[in-house]
Amino acid sequence: MTLVLVVEDEPQISRALVINLKARDYEVVTAGSGRDALETAAREKPDAVLLDLGLPDMDGVDVVRGLRGWTAVPILILSVRDTERDKVDALDAGADDYVTKPFGIDELLARLRAALRRAGPHDAEDAVVETAHFRLDLTDRRAELGDGSAVHLTPTEWGVLEAIVSHPGRLVTQRQLLQQVWGPEYGEETNYLRVYMAQLRRKLEPDPSRPRYLHTEPGIGYRFLPDTP
Ligand code: CA
């Protein structure tokens, strides 16, 4: 059984989530405040956390930080559209993904399954990323297209690409990318990312103007979507 912790202070939304999750055979525990969430997580050790950012007693971002102090459990943010800054802060603090309220339950469940899959047992370092259109060997830093032709990527392009494709399906924030590739003092230079993403798409995407693999979440970050099996 997979145990999901639902952190939500609006009883109606909480109840709807519980009903839908239980209908899909998840076990569910709920918390209505940040403090309650941290205590319940420590006690119940859930397999995933659905976290509303607007809580009565604490900033949801602080709940993320509190959880990340001791657990790598997948955290999905539930946020309203006008809390973009909070959403980014929560992702930077270590949340895995977000869905915007009002959300479709199917989308939420798909994101939840993806997060659980990523958190599950992994094969030895997955150093080769293969899609219908290109193949990347992250260890040897070799890229080729489906027809076998080699693609030359610069070290910085490799850095950006590796940061994204190493976590298929996961939303990587602009700040996370900048800090990982350029260094800890970076974080606001989103124009760098636009330039490098355009280059990577031109080299790797079948149609660079309509990215199939390297997606932009406007104002938030980037996500590698592998082919669906
Ligand atoms: Ca709320």
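Helices (DSSP runs of H or I, at least four residues) and strands (DSSP runs of E, at least two residues) are numbered here from the N terminus. The structure is a predicted model, in which local features need pLDDT of at least 70 and side-chain atom pairs count only at pLDDT 80 or more, whereas totals for chains, interfaces and linings use all residues. Residues are numbered from 1 along each chain as its sequence is written, and side-chain values use heavy atoms, with hydrogens and water left out.

The domain assignment of the protein chain, with bounds from an automatic or database assignment, gives domain 1 (3–119) and domain 2 (127–224). The C-alpha centres of domain 1 and domain 2 lie 28 Å apart. Twelve residues from domain 1 and twelve residues from domain 2 take part in the contact between them, contact meaning heavy atoms within 4.5 Å.

A calcium ion has three kinds of entry in its donor list: Asp9 (OD), Asp52 (OD) and Gly54 (O), lying 2.2 to 2.3 Å from the ion. Donors are N, O and S atoms within 2.8 Å of the metal (3.2 Å for Na, K and Ca), and because water is not among the atoms, sites may look incomplete. The spacing of the donor residues in sequence is D-x42-D-x1-G. Asp9 belongs to the loop between strand 1 (3–7) and helix 1 (11–23), and Gly54 to the loop between strand 3 (48–52) and helix 3 (60–68), so the pair ties together parts that are 45 residues apart in sequence. With buried defined as under 20% relative accessible area, exposed as over 50% and partly exposed as in between (1.4 Å probe, protein chains only), Asp9 is partly exposed at 31%. Gly54 is likewise partly exposed, with a relative accessibility of 46%.

The expected span of a helix is 1.5 Å times one less than its number of residues. For the 13 residues of helix 1 this gives 18 Å, which agrees with the 18 Å between its end C-alpha atoms. Ser14, Leu17, Val18 and Leu21 of helix 1 are buried. These residues cover an arc of only 100° around the axis, which puts them on the same side of helix 1; the arc is that of the directions from the helix axis to the C-beta atoms. An α-helix has 3.6 residues a turn, so residues three or four places apart point the same way. The face turned away from the buried side of helix 1 carries the exposed residues Gln12, Ile19 and Ala23. The cover over the buried residues of helix 1 includes strand 1, strand 2 (27–31), strand 3, strand 4 (75–80) and helix 5 (105–119).

Leu50 has Leu76 in strand 4 as its bridge partner. Strand 4 is in turn joined to strand 5 by five bridges, and these two strands also run parallel. Here Ser79 has Thr100 in strand 5 as its bridge partner. Five of the six residues of strand 4 are buried, so strand 4 is largely enclosed by the rest of the structure. In strand 5 (residues 97–101), five of the five residues are buried, so this strand too is largely enclosed.

Several backbone features fall in loops. Pro102 is placed in the loop between strand 5 and helix 5, and the peptide bond from Lys101 to Pro102 is cis, with omega near -5°. Asp25, in the loop between helix 1 and strand 2, has a positive phi of about 70° although it is not a glycine. Asp25 is exposed, at 58% relative accessibility. Lys45 lies in the loop between helix 2 (34–44) and strand 3 and has a positive phi of about 50°, although it is not a glycine either. The relative accessible area of Lys45 is 55%, which makes it exposed.

A further sheet is open and consists of four strands in the order 6-7-8-9, with antiparallel pairing. Strand 6 (128–130) and strand 9 (150–151) stand at its edges, each with a single partner strand, so one side of each is left without a neighbour in the sheet. Strand 7 (residues 134–137) and strand 8 (residues 142–145) pair in the antiparallel sense over four bridges, and Leu136 stands opposite Ala143 in strand 8.

Note on methods:
Two strands pair if DSSP finds at least two bridges between them.
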